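Here's a quick briefing to read with the model open beside you. Have a look at the structure, then work through the points below.

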Amino acid sequence: MNSHTSSALLTTSLGDIPLTARGKVRDLYAMGEELLFIATDRISAFDHVLGSGIPEKGKILTQLSHFWFDFVADTVPNHLLASPSAELLAKIAPYESQIEGRSMLVRRAEMFPVECVVRGYISGSGWKDYLATGSVCGIELPKGLRESDKLPCPIFTPAAKINTGGHDENISYGVMVDTIGEHYAAELRRLTFAIYEKASAHAATEGLILADTKFEFGLVDGKIVLADEVLTPDSSRYWPAESYSPGGAQPSFDKQYVRDYLESIHWNKQAPAPSLPDEVISKTREKYLEAFRLITGRSGLEMVR
Ligand SMILES: CCOC(=O)Cn1cc(-c2ncnc(N)c2C#N)cn1
């Protein structure tokens, strides 16, 4: 256990609330129709969870999700629990000090098995697909694009959810329609573009390029809600606008110190993920705090909720 992962986050239950799902950096506990997302301080890079945590990363990213859920609330409802039950609150009370600010209480939703990815720039798996086929998710793109180029207009590039840990697989919109039906596919695509338009415009006012992001949606009482985490540096690519220079991979706003360090030690990705030097940890924490300040306009890490 590293110093930033409390014991409660390593168990398969929180008291008698069972662990429902464990992602690389987040854990999900369920009690009936109420779920508890806990974001740990773990950080992953190149698809590996590293040996060191980043202090308060879980809290910072949870507060960013809360900010963004509120910011887009007039565009799409979300899965946040308006009023958690007294029973649930009583069950988590003993852990409050460990999970304060890093937890989200959400309603159980019937999750769509699709990752709704929107890209304003060509990067990552989209760049790989473009190099191989000239298209992404069946969307043909202009010839001659450079890596990290801004696209003529944002594209919707869904992915099929592979069980936790695996890489999601890019699918065409047609496959998404076959999977969840035309009505929901069209509505999730519309909502994805609408949220991205609002969020990327806000990020740009703070000198941040929101290159791409991934949303997950579900149904609660038959209505579409925005779920999962939203517009965090873990679910999005944020680039500093001041250093934007297409023609290659862009520096990650939050993980560049980590990536540079891993490159500098020539880490063999088959080997166990290394721990990070204190300086890399503290600089990375500062980047998360800077993203929080820029996006929310708040100076300190006072709780949004
Ligand atoms: C930590 C691991 O969890 C995930 O990766 C994603 N995931 C979300 C759900 C979910 N399931 C029902 N209701 C919800 N509101 C949600 C949400 N969000 C399940 N896995």
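Let's start with Gln63: it is buried, with a relative accessible area of 0% (buried means under 20%, exposed over 50% and partly exposed in between, using a 1.4 Å probe and protein chains only). This is a predicted model, so local features need pLDDT of at least 70 and side-chain atom pairs count only at pLDDT 80 or more, while totals for chains, interfaces and linings use all residues. Residues are numbered from 1 along each chain as its sequence is written, and side-chain values use heavy atoms, with hydrogens and water left out.

**Gln63 and its surroundings**
- You'll find Gln63 in helix H1 (residues 57-71); helices (H or I, at least four residues) and strands (E, at least two) are DSSP runs, numbered from the N terminus.
- A polar atom of the Gln63 side chain lies 2.9 Å from the backbone oxygen of Gly101.
- Polar contacts here are pairs of N or O atoms within 3.5 Å; within protein, one must be able to donate a hydrogen and the other to accept it, and residues adjacent in sequence count only if both atoms are side-chain atoms.

**Around the ligand**
- The ligand is surrounded by 14 residues, and the closest are Phe37, His79, Arg107, Ala109 and Asp228 (a residue is near if one of its heavy atoms lies within 4 Å).
- Ligand nitrogen atoms come up against the protein backbone: one is 2.9 Å from a polar backbone atom of Arg107.
- For Ala109, a backbone N or O atom lies 2.8 Å from a nitrogen atom of the ligand, and for Asp228 a backbone N or O atom also lies 2.8 Å from a ligand nitrogen.
- Taken alone, the ligand exposes 470 Å², and the protein buries 86% of that (areas come from the Shrake-Rupley method with a 1.4 Å probe; for residues, only the protein chains shown count as cover).
- Strand E3 (26-31), strand E4 (34-39) and strand E7 (103-107) are the elements that give two or more residues to the shell.
- Sorted by class, that shell has eight nonpolar, two polar and four charged residues (Ala, Val, Leu, Ile, Met, Phe, Trp, Tyr, Cys and Pro count as nonpolar, Asp, Glu, Lys and Arg as charged, and the others, Gly among them, as polar).

**Two partly exposed helix residues**
- Thr179 is in helix H5 (residues 173-180) and is partly exposed at 44% relative accessibility.
- A polar side-chain atom of Thr179 lies 2.6 Å from the backbone oxygen of Val175.
- Thr179 and Val114 are 65 residues apart along the chain, yet their C-alpha atoms are separated by 8.6 Å.
- Over in helix H8 (residues 278-296) sits Glu290, partly exposed at 31% relative accessibility.
- The side chains of Glu290 and Lys287 are joined by a polar contact of 3.0 Å.

**Charges over rings**
- The charged end of Arg189 sits over the ring of Tyr173, 3.8 Å from its centre (this needs NZ of Lys or CZ of Arg within 6 Å of the ring centre and within 35 degrees of the ring normal).
- Lys269 has its charged end over the ring of Phe46, 4.5 Å from its centre.

**Positive phi in loops**
- Glu56 is not a glycine but has a positive phi of about 75°, and it lies in the loop between strand E6 (48-53) and H1.
- His266 has phi near 50° and is found in the loop between helix H7 (256-264) and H8.
- Glu56 is partly exposed at 26%, whereas His266 is exposed at 69%.
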